[in-house]
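Here is a short report on a modelled structure.

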Amino acid sequence: MRDYTTLQAVWFVLISVLWLGYFVLEGFDFGVGMLLRAVGRDRAERRAVLHSIGPVWDGNEVWLLVAGGATFAAFPQWYATLFSGFYLALFLILVALILRNVAFEFWGKGDSERWRSGWEWALIGGSFLPALLWGVAWADIVHGVPIDARGEYTGTLLTLLRPYALLGGLATLALFLAHGAIFLSLRTTGALERRARAIAARVAPPAALLVIGFLAWTLADSDGAKAASVVCAVGASALAVAAAALASRRPAHAFGATCGAIVLLFTALFSELFPHAMISSTNAAFSLTLAEAASSSYTLTVMTVVAGLLVPVVLLYQGWTYWVFRHRISAEGFGEARSPIDLLSRSREEGAGGRSPGR
Amino acid sequence: MTSLELARWQFGITTLYHFIFVPITIGLATFTAYCQTRWHRSGEEHWLRATRFWGKLVLISFALGVATGIVQEFQFGMNWSNYSRFVGDIFGAPLAMEGLAAFFVESTFLGLWIFGWGRLSPRVHLACAWAIAGATALSAYFILAANSWMQHPVGYRMVDGRPRLTNIAAVLFNNTAIYAFVHTIIAALLTAGMLVIAISAWHLRRGNEAAGVFSASIRLALPLVAVAALLQFFVGHFDGILMTKQQPMKMAAADAVFETKRGAGLSLFATGDFESNPRGLDRNIEVPNLLSWISTGYPRGEIKGVNDLDREYGARYGPGEYAPIVAVAYWSWRAMIGCAVGMFAVGAFGWWRARRGELLRSRRFLRLAVPAAALPFVASSTGWIFTEMGRQPWVVFGLLKTSDAGSPSVSTAEVLVTLIGFTLLYGVLAAIAGRIFLRTARKGPPEEGAAEEPGQELALAY
């Protein structure tokens, strides 16, 4: 017997898609952020690394905001239980994201070495912590956390940090790191590309192992894993291995593989969770089902129309942005950087395109 | 303090902090897009320099607005889970729409605008600037629609003790939201205008014309501020009449009217007992009949008093205190209006001097215009304090009390940790961002033909 409506299932899928979009896109932002100092050795190189995600990271982060907003709109009980329950973990994620956001903006605004390295570390830490904690959080959601009869979380921050969840966190951390390294090796040239490729080749194999380990534990732990979850888990593992094999030779294929691995990894988790929103480890009867968590069908219908109209448009212009900034970046263009005003006047003199050097 | 009180402080601090950057971004993004349009049309280089210069300040403000905006969305669930459970069927919808319709546009097109110089065609690049300005305003609309539902709930019916959405159009086109939106957009333009005036005045007084950037900018901003402030008086007036109908207690507290009367005077200065609701005044200096005229349109119109409304609500909603902290409502309302008067004075006087061609000789005006940039920030902060604290004890007027809205699973210690954490983090960021903002503002646009910070900037941001 089905105890959820089609609309509720549609919104569960849509929210899953928003999270998938967030992890695929922000995943490489996190990876690039963590590798800022490892790949970029001097100021020009680090600026080049920042430029590889500069035009897009902010738009990528909006996927998170929309996932949060959509959860509030479609499943308010889920939003309330999850956000008040994972309180301190979310606080840490928020602090990390805030530091990372301002680090992008403030990095170039000071002249001292100390100023820049301070913001570089803020960016690295601000990318590291969410990459780890989102994995921990989703592992906990799927695995179940102590929730009482009123739907209130009764654990603490430490309850969330058990071995299984930490393994989930390490899996996403390593996967995002590999994802970012491969992305960088695709978006840069010269020494940057070489270094990114070497790191990708080193990080991708352990990432694949962690992903396989985490998914195996997830399936072993579940009482009667769904066929869909098993298929996705196997697919995610295979793609993670493929990414490890391809990272140094075929970065474009490897990038496709990490994208796929991230999508399938989380799809496996979402499919295990369905048709629940939160699993209670205290008592299975206290678990929050989608039907209990959902808004009225009127609200869901309204939101379906809005999402149906807007999501395709968003995909269109975000895709266009990636097309506009598809050129590879090299460090040379960033040593003698000039202002756009100069670029424009130069292009006017030359009468050609206004291309900046090195793009 | 209880976890509820701490959560309220946290909401107040994070929201007022967030709202420093919101009006700068909305107003200055529009101003920048206008400058870029002038450049696009005329090809005059000082408009390009103005675009670049004001655009840089938009970026600093935008970065902080976005960073602190995530906290805003998360804390409804984190600190106010009972509120989220109660209003979820209605309140989440405009929030999700804001993300889908506005956040995606502003973040994506900001990236295109920053990095698209010389890569996109000038026309497309200009369109990006307007897309950003439009999306920031649209985002304000959705969040104000959500807030207005808390001030004046519409389009719902109660099912099992919770409101259920029955009419989304009623929520999105709530008259409260439309007034609040116009009020906020004008406030944003005032904020941008006052900042442009202050920064331009600072440079002009030092004889730094920057090839016409500052005289062109201030000539644009002075009439903008004068007209916007004047408009704001009218919008505020009609907003006040609407609020008198929808939330009479808030207006009664704002004017310290305790007993219902006809021909109420507008209080200029009043004192009472040092209590949340003093139930009467010791001293009151007032302009006779003015309040009745402002709030109802008639000099002898009836104004309901705090004490009578308190009794009325007690009968309707059960025993309890139904008045907000009267002194906060009274003084925040006055501070907001006082700042608006100040902004009108700056705009009108400066405009008059500029039209007579005497702006550069008005040394005292140019000096005073710099600290006057604080006025719009005081006005919007006190405006929000009035709006939100004036609604108390309700979080959703007439439906849910703030005392019932908190998160049961969150301990006092946890709220204390996040309150201290956010406050410290925001404080440090404010100091850093303020310094960068001032440094960028002082530096002004680059010399003609010179690179901007050689080796520093390929694009605006990094």
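Among contacts in chain A between residues at least 6 apart in sequence, what share joins residues at least 24 apart? The share is 78%. Two residues are in contact if their C-beta atoms, placed from the backbone, lie within 7 Å.

This is a predicted model: local features need pLDDT of at least 70, side-chain atom pairs count only at pLDDT 80 or more, and totals for chains, interfaces and linings use all residues. Residues are numbered from 1 along each chain as its sequence is written, while chains are lettered from A and ligands numbered from 1 in the order in which they are written.

**Chain A.** Its radius of gyration, taken over C-alpha atoms, is 22 Å; this agrees with a compact globule because 359 residues would give a value near 21 Å. The globule rule is 2.2 Å times the number of residues to the power 0.38. Of the 359 residues, 58% are buried, that is, 20 or more other C-beta atoms, placed from the backbone, lie within 10 Å of their own.

**Contact with chain B.** Chain A gives 72 residues and chain B gives 69 residues. The side of chain A that touches chain B divides as follows.

| Class on chain A side | Residues |
|---|---|
| Nonpolar (Ala, Val, Leu, Ile, Met, Phe, Trp, Tyr, Cys, Pro) | 42 residues |
| Polar (the others, Gly among them) | 22 residues |

**Around A:Ala178.** Leaving aside neighbours within four places in sequence, A:Ala178 is in contact with residues including A:Ala200, A:Val203 and A:Thr258.

Notes: A residue is buried if 20 or more other C-beta atoms lie within 10 Å of its own, exposed if 12 or fewer, and partly exposed in between; C-beta atoms are placed from the backbone.
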